[in-house]
Amino acid sequence: MLYFGLQDGSIVESDINGNFSNYVAHSEPITCLSYGKYLYSCSHDGLIKYWDNGFLVRELQGHNGHITALVYTGTKLYSGGADKTINEWDPETGRRKWILTGSRGWIMCLASSPSLPSRLFSADTDHTIRIWDTSSGRCLHELKGHKDWIYSLCLNDQFLYSSSKDGTIRVWYCQDFSLISVLEGPDKQPITQVTVSSNKLFSCSENGSLYCWNLENQIPIVILGKEGNVSCLSSFGQWLVVGSLDGSIKLLDMGPSGIETNNSTNTSHTLSSVVF
């Protein structure tokens, strides 16, 4: 099942055949979705909500203002907000366990990896990536180099990828967090989101273009030009899901036979977040 957060505060649930349903989830735009035992959503309305087949299970409130980032790690739920804090929640009880402080700007995105279970990655509007020890709540490292806001983070087993309004993707080695390379976006546009799957890196730009990067020669291949109006993306295995500003949803098969569009549908509302 695919889940999309919309600018009008709704959530769309869609299967791979393009059949979808939607329900009103928040009073303001949904900023992020994460999936685990439940579907977790957060919004500019300052609320985190748990959903089970469209039914509200639990509602959390703890940030002062917009909630801008959310990630479920399997055992913990983390949220980041415009109040420059990261909250750690017990997803079973809904109780807040930690407040991680030290960020100097809005939290723009959060990421985690099963291969680094005691680490949480955050990026905020001060152009810095922070790596947190989740057992103590301490910030262990600060990664600098981006020249503008960092919009997106993603990880695989060895590397951390960060994309920024400065038009670059930076690749960091997870063992010592050294900078491996800097990928320059060919259209010189802010890179709003990145996702990695099956040794392929995908990115979308502020002008709506979608790229697939060959990580060996660092050359991007255009999948959709700016007419694609891409606003969010997510990957799982050989599948890439693309949401657009015009409300359209595309499911792309990135298998060995090449890029194939498996399905396409339209919700008629701007899509802001997607998760498998």
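Please keep in mind that the model is predicted.

As a general remark, nonpolar side chains in soluble globular proteins tend to be buried together.

Next, E16 itself. This strand is mostly covered, with 6 of its 6 residues buried. Its partner is strand E17, residues 159–164, and the two pair in the antiparallel sense over 5 bridges. Between E16 and E17 there are 3 residues, and the two strands form a hairpin. Within this pair, Leu153 stands opposite Ser162 of E17.

Beyond its neighbours within four places in sequence, Leu143 is in contact with His127, Thr128, Ile129, Ile131, Leu160, Trp172 and Phe177.

Thr128 is on that list, and I will take it next. Where does Thr128 lie? It is in the loop between strand E13, residues 119–124, and strand E14, residues 129–133. Thr128 counts as buried because its relative accessibility is 1%, and the cut-off for buried is under 20%. Setting aside neighbours within four places in sequence, its contacts include Arg104, Ser122, Glu142 and Ile150, as well as Leu143.

Asp124 is in strand E13. Is Asp124 buried or exposed? Its relative accessibility is 0%, so Asp124 counts as buried. Which side chain makes a polar contact with the side chain of Asp124? That of Arg130 does, at 2.6 Å. Not counting residues up to four places away in sequence, Asp124 also touches a run of others, among them Ser103, Arg104, Gly105, Trp106, Ile107 and Met108. Ile150 is also touched by Asp124, and Ile150 is in contact with Thr128 too.

Last, a second hairpin. Strand E20, residues 191–197, has 5 of its 7 residues buried, so this strand is largely enclosed by the rest of the structure. Gln193 has Cys204 of E21 as its bridge partner. The hairpin of E20 and E21 has 2 residues between the strands, and in the turn Ser198 has a positive phi of about 50 degrees.

That is the end of the tour.

Notes. Residues are numbered from 1 along each chain as its sequence is written. This is a predicted model: local features need pLDDT of at least 70, side-chain atom pairs count only at pLDDT 80 or more; totals for chains, interfaces and linings use all residues. Side-chain values use heavy atoms; hydrogens and water are left out. Buried means under 20% relative accessible area, exposed over 50%, partly exposed in between (1.4 Å probe, protein chains only). Helices (H or I, at least four residues) and strands (E, at least two) are DSSP runs, numbered from the N terminus. Two strands pair if DSSP finds at least two bridges between them. Contact means heavy atoms within 4.5 Å. A polar contact is a pair of N or O atoms within 3.5 Å; within protein, one must be able to donate a hydrogen and the other to accept it, and residues adjacent in sequence count only if both atoms are side-chain atoms.
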